[in-house]
Amino acid sequence: MKKILLAAYVLLASLMASAQMPGGAAGGQQANIGHVYGKVVDSAGKAIGDASIILLQSKYDANTKKTKEILFKGMTTKANGEFSLSELPMFGKLKLKISATGYTPYEQEVSFQMKMPAGGGAPKANADASDQMSKALNAIDKDLGNIKLQPDVKQLQGVVVTANKPLMTMDIDKKTFNVDKNLVSAGGTAVDVMKNVPSVQVDIDGNVKLRNAAPQIYIDGRPTTLSLDQIPADAIESVEVITNPSAKFDASGGNAGILNIVLKKNKKTGYNGNVMAGIDSRGGFNGGGNFNLRQDKFNFSAALMTNQMRNRSTGTTTRNNFTDTSLTNILQQNINKTKGGFLFGRVGVDYFITNRTTISLAGIKVHGKFRPNETMDITTDSVFNGNVKSMMSNRLSESEREFNATGGQFGIKHNFTRPGEEWTIDLNYFNGKNKGDGLYTTNYFDGSGNTTGSMIQKNVSDGKNKFFTIQTDYVKPISEKAKLETGLRAQINSILNDNENFIQYPGQTKFDTIVSATTNYKNTNNVYAAYASFSSSIKKNFGYKIGLRAESSSYTGTLLNTGEKFSNSYPISLFPSIFLSQKLKKNQELQLSVTRRINRPNFFQMIPYTDYTDNLNITKGNPDLVPEFTYSGEVSYGKTFKANNTLLISAYYKHTDNLITRFLSKGINPVTGGEAYISTFINANSSDAYGAEFTSVNTLKKWWDLTTNINLYNSKINTDNISGNSQDALWSVFGKINNNFKLPKNFTIQLSGDYQSKTNLPINNSQGFGPPSQAQSSSQGYIRPFYGVDIAFKKTFLKNNAAAVTLSVNDIFRSRKSDQYSSGDGFVQNYYRLNNPQIIRLNFTYRFGKMDMSLFKRQNMKSQGEGMQNGMQGMQ
């Protein structure tokens with residue numbers, strides 16, 4: 001045994017001796033056989049994971065004639081706090097640096113020293129070989145033991161002070177508004193959130209507009225089939241407003257942009273979450289909570305929320321119909337009460353395979369049931385050959401609709417060693433089912449109020465919707481300033497729906513099927529896309545991003561009860577985008593963007609199914625629709641002042657060919673056999689919209705911040721190809737303001753308001769047929785001015801302000817109405833509606849959790865890699 005140890009010692013000694021010779025060992029390099037290891041712990045002896053370990057080496061710089069420290073090796077500690085660095089140089093001093101969030105930095109010199117026997121060579125024969133070998137091994141294999149880090153009190157305090165996110169951040173192609181602190185929307189849905197997002201308009205039915213057009217709704221960067229009233233406000237972290245999407249995004253969406261809802265994904269280390277509950281003055285209530293656990297290589301999150309609502313709306317519709325032989329005046333007054341709610345659940349898991357690769361899996365479940373009930377009084381006065389005839393009727397509507405939706409998301413993200421280089425793949429699957437039934441009883445009366453008969457109409461429907469997308473993206477930094485982004489995407493959507501309509505005429509005891517109003521259909525819609533985008537900068541102040549997207553799409557549809565088929569295929573279309581950015585002095589920036597987009601008609605707009613549920617709002621699809629193409633340009637100026645006050649001014653122009661819009665024209669009602677006005681979809685010649693938008697975020701006082709948004713715009717729709725004349729161009733203004741007041745004793749007040757002047761009806765209402773209020777034609781009318789004011793009060797209490805109570809009131813002056821006018825060949829219509837004014841909500845939230853710095857903490861992989869690299873470069 002001693003001979004073996006002696007031989008090993010001689011080998012080690014020879015290696016070390018050669019390392020000291022000029023030129024080092026064979027091959028002209030040092031023998032890097034050193035190894036250091038240890039464990040990083042806190043003052044209590046608890047392991048600190050993900051601490052940064054950096055080993056620096058001093059080298060002579062021939063250019064500067066000075067010695068400087070350069071990075072030799074680096075790593076992060078494991079979850080148990082251990083680290084290990086091998087293949088280190090045996091001679092020369094090294095410097096070990098350790099840093100971790102919440103702790104003071106630590107430094108220590110490291111060197112390998114092995115004393116050689118006097119005269120060199122092997123130890124003497126009578127020496128203890130095992131002892132000599134142990135010393136040799138200790139010399140090249142150093143155990144630094146447990147290294148204790150002390151808490152950095154100043155740093156921890158700093159984190160608390162700077163934790164608030166800015167209300168608005170601006171990127172080259174989007175604006176991000178943080179809404180997680182919004183008070184007015186507490187206990188509500190995404191509809192309430194949008195009411196406080198600059199640039200976004202929300203009508204009383206919850207339909208959103210972006211610069212007077214309906215945008216696409218995304219969740220976490222992906223299109224969704226969920227409506228805004230199915231997403232709880234407390235699950236939303238921020239909203240990204242993309243007024244002119246680049247080639248990276250779907251080209252569909254036409255002349256509107258994208259609203260991307262970013263859900264809360266708590267990535268704090270340890271466990272944390274919150275619970276919430278609330279009630280409102282109508283008897284509605286909400287509740288739920290979310291939980292997050294992050295440790296080792298896993299991050300687990302879960303959220304469960306419910307919202308039970310009691311909605312109420314009142315409305316009046318008057319219409320004058322003109323024919324060659326008669327004049328008819330119709331007055332319709334309605335009261336609508338809806339009870340129902342939804343349950344929203346989300347579970348997600350992130351698994352960090354390596355420091356650079358992450359797998360994410362998430363599931364979403366939504367269930368909802370609503371019971372709308374409506375009472376409608378209708379008075380009809382007809383003048384025929386000089387004779388006046390009056391008829392009164394009363395319609396009672398009792399209906400129920402239910403939906404169940406299940407979604408799954410799977411993603412992989414890999415960051416390469418080069419900072420900024422990454423590859424992602426995302427798979428999304430959504431499966432929804434819906435069913436509903438409605439009973440509409442109409443009682444007829446003569447001029448004296450006597451009952452003359454009753455008619456009952458019944459509607460039964462059910463359907464399925466499947467939505468699947470797969471997308472992969474790759475980002476390749478070409479240089480420090482240049483970057484190439486590429487991606488592929490496939491979207492497959494299928495719908496199956498059955499709609500049965502029955503009628504029981506006065507005097508009958510059984511229902512007859514309305515064949516012309518009964519439609520069973522199925523359809524598939526596929527879109528395939530590829531894009532490439534190149535961005536770079538010239539010097540430090542000028543940046544550009546140029547992209548090109550190619551899309552091909554097709555759809556097929558079948559009317560199952562008739563066998564009639566509809567299909568269309570759109571060949572590859574190209575959609576370029578250009579973004580330019582010029583940074584000026586004194587925190588100023590100019591941006592320019594130009595894009596081309598498409599809006600394809602959906603199956604609901606094309607299917608020749610006619611909805612006769614409301615005699616004043618009969619709707620029908622148009623199978624002859626073609627896609628519309630929109631060309632958009634936008635110029636923006638941004639300025640950041642002291643105290644992070646910001647000003648953003650934008651001027652924009654949009655031109656659309658073959659605009660898809662609603663249009664009201666004469667037809668025959670097969671239920672009554674009489675003449676009626678039917679709302680359908682048409683391709684107008686074109687439309688133009690241009691304007692200027694001003695957004696300002698200001699901290700006026702330490703206790704007062706103010707966000708202001710004003711949009712001045714002009715819009716016009718050219719329908720010469722349909723009606724022979726076009727609607728006049730109309731200048732309009734939309735304004736929104738939001739105040740936050742921080743008061744003593746942890747009180748906060750939020751006061752917000754919005755104003756809409758007279759404006760053209762919104763275009764691209766592609767949500768399907770929707771409620772009767774949505775059957776207005778954007779090319780045949782306008783909206784009268786309205787405004788609304790909301791207010792909320794918040795009080796935080798308990799340790800670290802973990803608990804909060806919020807009291808809010810919406811539309812406090814009952815002024816946020818929908819007052820519309822439309823006219824066309826043979827009719828004039830006025831429509832008024834008020835929905836859910838002056839609702840008082842009381843909500844309670846409680847935050848809990850434990851922040852443990854010894855747990856494995858990993859931030860966004862990309863930002864972590866870039867931060868490490870920047871830090872290393874700074875040391876060179």
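Let me start with one side chain. Glu-402 is buried, at a relative accessible area of 14%. Buried means under 20% relative accessible area, exposed means over 50%, and partly exposed is in between, with a 1.4 Å probe and protein chains only.

Before going on, the ground rules. This is a predicted model, so local features need pLDDT of at least 70 and side-chain atom pairs count only at pLDDT 80 or more, while totals for chains, interfaces and linings use all residues. Residues are numbered from 1 along each chain as its sequence is written, and side-chain values use heavy atoms, with hydrogens and water left out.

Back to Glu-402. Which residue does Glu-402 form a salt bridge with? The partner is Lys-435, and the closest N and O atoms are 3.9 Å apart. A salt bridge here is a side-chain nitrogen of Lys or Arg within 4 Å of a carboxyl oxygen of Asp or Glu. Strands are DSSP runs of E, at least two residues; helices are runs of H or I, at least four; both are numbered from the N terminus.

Next pair. Glu-422 forms a salt bridge with Lys-413, again with 3.9 Å between the closest N and O atoms. Glu-422 counts as buried, at 12% relative accessibility. Lys-413 is partly exposed, at 22%.

By this rule, the count of salt bridges is 15. One of them joins Asp-250 and Arg-489, at 3.1 Å from N to O. That pair links distant parts of the chain, 239 residues apart. Asp-250 is in the loop between strand S14 (236–242) and strand S15 (258–263); Arg-489 is in strand S24 (residues 483–504). Are these two buried or exposed? Both Asp-250 and Arg-489 are buried. They also belong to a network of salt bridges, with Arg-549, Glu-551 and Arg-600.

Now the whole protein. It has seven helices and 44 strands. Of its 876 residues, 49% count as buried. Take the contacts with a separation of 6 or more: 68% of them come from residues 24 or more positions apart. Contact means heavy atoms within 4.5 Å. The accessible surface is about 41300 Å², by the Shrake-Rupley method with a 1.4 Å probe. Carbon and sulfur atoms hold 56% of that surface.

On to a sheet. Strands of a sheet pair through backbone hydrogen bonds, either parallel or antiparallel. Here, three strands form an open sheet in the order S4-S1-S7, with mixed pairing. Two strands pair if DSSP finds at least two bridges between them. The edge strands are S4 (82–88) and S7 (141–149), each pairing on one side only. Strand S1 (residues 34–42) pairs with S4 in the antiparallel sense, over six bridges. Within that pairing, Gly-34 stands opposite Leu-88 in S4.

Last stop, Val-626. Where does Val-626 lie? In the loop between strand S31 (618–620) and strand S32 (628–640). Val-626 is partly exposed, with a relative accessible area of 34%. Leave aside its neighbours within four places in sequence, and Val-626 contacts Pro-601, Asn-658, Ile-660 and Asn-683. The C-alpha atoms of Val-626 and Ile-660 are separated by 8.2 Å, and the two are 34 residues apart along the chain.
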